[in-house]
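Subject: Structure handover

Hello,

Here is the structure I promised to pass on. Please open it first, then read the notes below.

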Amino acid sequence: MNDRRSDNIHRLITPNTHMLRGRGIYLLPNLFTTAALFAGFYAMMSSIHHHFQAAAIGILAAIVLDGMDGRIARMTNTQSDFGAEYDSLADMVSFGVAPAVLAYEWMLHDIGKFGFLVAFVYVSAAALRLARFNVQKTVQDKRYFKGLPSPSAAALVATTIWFAHDYQLHGEVLAVVLTLAVTACAALLMVSNIRYYSFKDLDLRGRIPFVVLLAMVLGFGFISVDPPLILMLGFVVYTVSGVLFTLMQLRRSRAERRRDAARDRDVA
């Protein structure tokens, strides 16, 4: 009578501590994620102290480190659920909060509560963009992102402010309008259905022609001539490319529907 069945509800189930101790996390990709998180935090602190150029460079550094994190995880087959969640949280800080703080401290605070609202909308859009990406990443086409990627949106805001700061536009109406327009547009594009090329199908492990390497070297040299201007133009081109690509796809789809409708009428 005192014997209890093995599936008795009062049975105490203890975890396998040996199994738990044996689990760990991959060091290298999470190290890059931590570095990207630090760069985003550094950007926020620099923005608060009005070191706007340093803040913009910190956000760009976070983008580079985040890209290296993902590439290393895929190339070394060290992707994990923990790493994915950690990376998403780090992205929220570096590409969601940091650009919004930078834009607000740079110019948006000059227009009061409306500027605060725009900065908050950017943070909210970044959070929604990351949440949608995490939910849909197993079903969407790997070649394209749905909505402007949060790193690209952060880079667009950061390089625009870096450009305005470098050209001494602080305090001018043009700088306020430019910051407001870029921050708001980046937020809206992040939660849109516009498709952007992801560059994930590029093979970084394969051999490349010498001409390609030479072009890369010339590209870095070209950027060094005027980094804020060249980088800003580059991210503007990428932002506009998604809009143009989506419009071309819509136009092609409408033309195909017209042809199908005309064919059906001819058959009838």
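**Helix packing**

Helix α5 (residues 113–136) and α7 pack at an angle of about 25°, and their axes lie 8 Å apart. So α5 is roughly parallel to α7. The crossing of α5 and α7 is left-handed. On the α5 side the contact is made by Phe 114, Val 118, Val 121, Tyr 122, Ala 125, Ala 126, Arg 129 and Arg 132. On the α7 side it is made by Leu 180, Thr 183, Ala 184, Ala 186, Ala 187 and Met 190. By type, the residues of this α5–α7 contact are 11 nonpolar, one polar and two charged.

Some terms before going on. This is a predicted model, in which local features need pLDDT of at least 70, side-chain atom pairs count only at pLDDT 80 or more, and totals for chains, interfaces and linings use all residues. Residues are numbered from 1 along each chain as its sequence is written, and side-chain values use heavy atoms, with hydrogens and water left out.

- Helices (H or I, at least four residues) and strands (E, at least two) are DSSP runs, numbered from the N terminus.
- Axes are lines fitted to C-alpha atoms, for helices over the stretch in contact; angles run from 0 to 180 degrees between N-to-C directions.
- Under 35 degrees is roughly parallel, over 145 roughly antiparallel, 65 to 115 roughly perpendicular, and the rest oblique.
- A crossing is left-handed if the near helix is turned anticlockwise from the far one by less than a right angle, and right-handed if clockwise.
- Contact means heavy atoms within 4.5 Å.
- Ala, Val, Leu, Ile, Met, Phe, Trp, Tyr, Cys and Pro count as nonpolar; Asp, Glu, Lys and Arg as charged; the others, Gly among them, as polar.

Now the second pair. The axes of helix α6 (residues 150–166) and helix α7 (residues 173–190) come within 10 Å and cross at roughly 175°. Therefore α6 is roughly antiparallel to α7. From α6, the contact includes Ser 150, Leu 156 and Ile 161. From α7, it includes Leu 178, Val 182 and Met 190. The residues of the α6–α7 contact divide into eight nonpolar, four polar and no charged.

**The chain as a whole**

The protein chain has nine helices and two strands. Along the sequence they follow the pattern α-α-α-α-α-β-α-α-β-α-α. Of its 268 residues, 35% count as buried (under 20% relative accessible area; exposed is over 50%, partly exposed in between; 1.4 Å probe, protein chains only). Among contacts between residues at least 6 apart in sequence, 82% join residues at least 24 apart.

**Helix α2 and its end**

Helix α2 covers residues 27–48. His 50 follows α2, with a positive phi near 60°.

Ser 47 is in α2. It is buried, with a relative accessible area of 0%. Beyond its neighbours within four places in sequence, Ser 47 touches Phe 52, Ala 55, Val 101, Leu 102 and Glu 105.

Phe 52 is in helix α3 (residues 52–75). At 5% relative accessibility, Phe 52 counts as buried. Phe 52 and Trp 162 are 110 residues apart in sequence, yet 6.9 Å apart in space, C-alpha to C-alpha.

Best wishes

Methods. Expected span 1.5 Å × (residues − 1).
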